[in-house]
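The sequence and coordinates are shown first.

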Amino acid sequence: MITSRFSVGIHILTLLHYNKEGVNTSEFIAASVGTNPVVIRRIMGMLNKAGLVEVRPGVAGARLKKDISDITLLDIYHAVHAVNENALFSLHDSPNPACEVGRSIQGSIEPIFTAAQRAMEDQLAQVKLRDIVNDVAQKTVQ
């Protein structure tokens, strides 16, 4: 399962773009996301480690480190560890090896799960943060 850190990470980066002239404290961002500032600081640390944002300890505020055209949703997905590698779909732990189906089911469905995750990640690689920012801008005008 993909954690909510992924959608929160997208939200944070979009907000940083929109408020690039303002002071983006964890409290300000948390108010927009609707969560606790501690959650924001944890995710901001992940985004910072991935080189997507710049935060300085002891200094209020954060900003984007890359242009929104250079950040893909896959970059964010990886930055926040949205899912462990090849673990979007989990297999049940202990099928019965004495059963025909139990003995073979995991080997039958695991390649399908891996291909599905790869397809999703390929799609995320095609979407830029710029696309999200533009879509949010269109929705706020309506």
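Me: On what basis are residues numbered and features reported here?
Reply: Residues are numbered from 1 along each chain as its sequence is written, and side-chain values use heavy atoms, with hydrogens and water left out. This is a predicted model, in which local features need pLDDT of at least 70 and side-chain atom pairs count only at pLDDT 80 or more, while totals for chains, interfaces and linings use all residues.

Me: Which residues does L47 contact, leaving aside its neighbours within four places in sequence?
Reply: L47 is among the residues with the most contacts inside the largest core. Contact means heavy atoms within 4.5 Å. On that basis, the partners of L47 beyond four places in sequence are G9, I12, L13, L52, V53, I76, A79 and V80.

Me: How are α1 and α3 oriented relative to each other?
Reply: Two packed helices are described by the angle between their axes and the distance between the axes. Axes are lines fitted to C-alpha atoms, for helices over the stretch in contact, and angles run from 0 to 180 degrees between N-to-C directions. For α1 and α3 the angle is about 80° and the axes are 10 Å apart. Angles under 35 degrees count as roughly parallel, over 145 as roughly antiparallel, 65 to 115 as roughly perpendicular and the rest as oblique, so α1 and α3 are roughly perpendicular.

Me: How many nonpolar residues does the contact of α1 with α3 hold?
Reply: On the α1 side, R5, V8, G9, I12, L13 and L16 take part, and they meet I40, I43, M44, M46 and L47 of α3. Ala, Val, Leu, Ile, Met, Phe, Trp, Tyr, Cys and Pro count as nonpolar, Asp, Glu, Lys and Arg as charged, and the others, Gly among them, as polar. Besides 1 polar and 1 charged residue, the number of nonpolar residues in this contact is 9.

Me: How many charged residues belong to the contact of α2 with α3?
Reply: α2 and α3 pack at about 105°, with axes 8 Å apart, which makes α2 roughly perpendicular to α3. The contact involves S26, E27, I29, A30 and V33 of α2 together with P37, I40, R41 and M44 of α3. Alongside 6 nonpolar residues and 1 polar residue, the number of charged residues is 2.

Me: What is the N to O distance in the salt bridge of E27 and R41?
Reply: A salt bridge is a side-chain nitrogen of Lys or Arg within 4 Å of a carboxyl oxygen of Asp or Glu, and the structure holds 4 of them. E27 in helix α2 and R41 in helix α3 are 14 residues apart, so this pair links distant parts of the chain. E27 has a relative accessible area of 46% and R41 one of 42%; both are partly exposed (buried means under 20% relative accessible area, exposed over 50%, partly exposed in between, with a 1.4 Å probe and protein chains only). The N to O distance is 3.6 Å.

Me: Which residue forms a salt bridge with E54?
Reply: E54 is partly exposed, at 26% relative accessible area. Its closest N and O atoms in the salt bridge are 2.5 Å apart, and the partner is R63.

Me: Is H17 buried or exposed?
Reply: H17 lies in helix α1. Not counting residues up to four places away in sequence, H17 touches L64, I68 and V133. Its relative accessibility is 19%, so H17 counts as buried.

Notes. Core = buried A, V, L, I, M, F, W, Y, C linked by side-chain atoms within 4.5 Å. Helix = DSSP H or I, 4+ residues; strand = E, 2+ residues; numbered from the N terminus.
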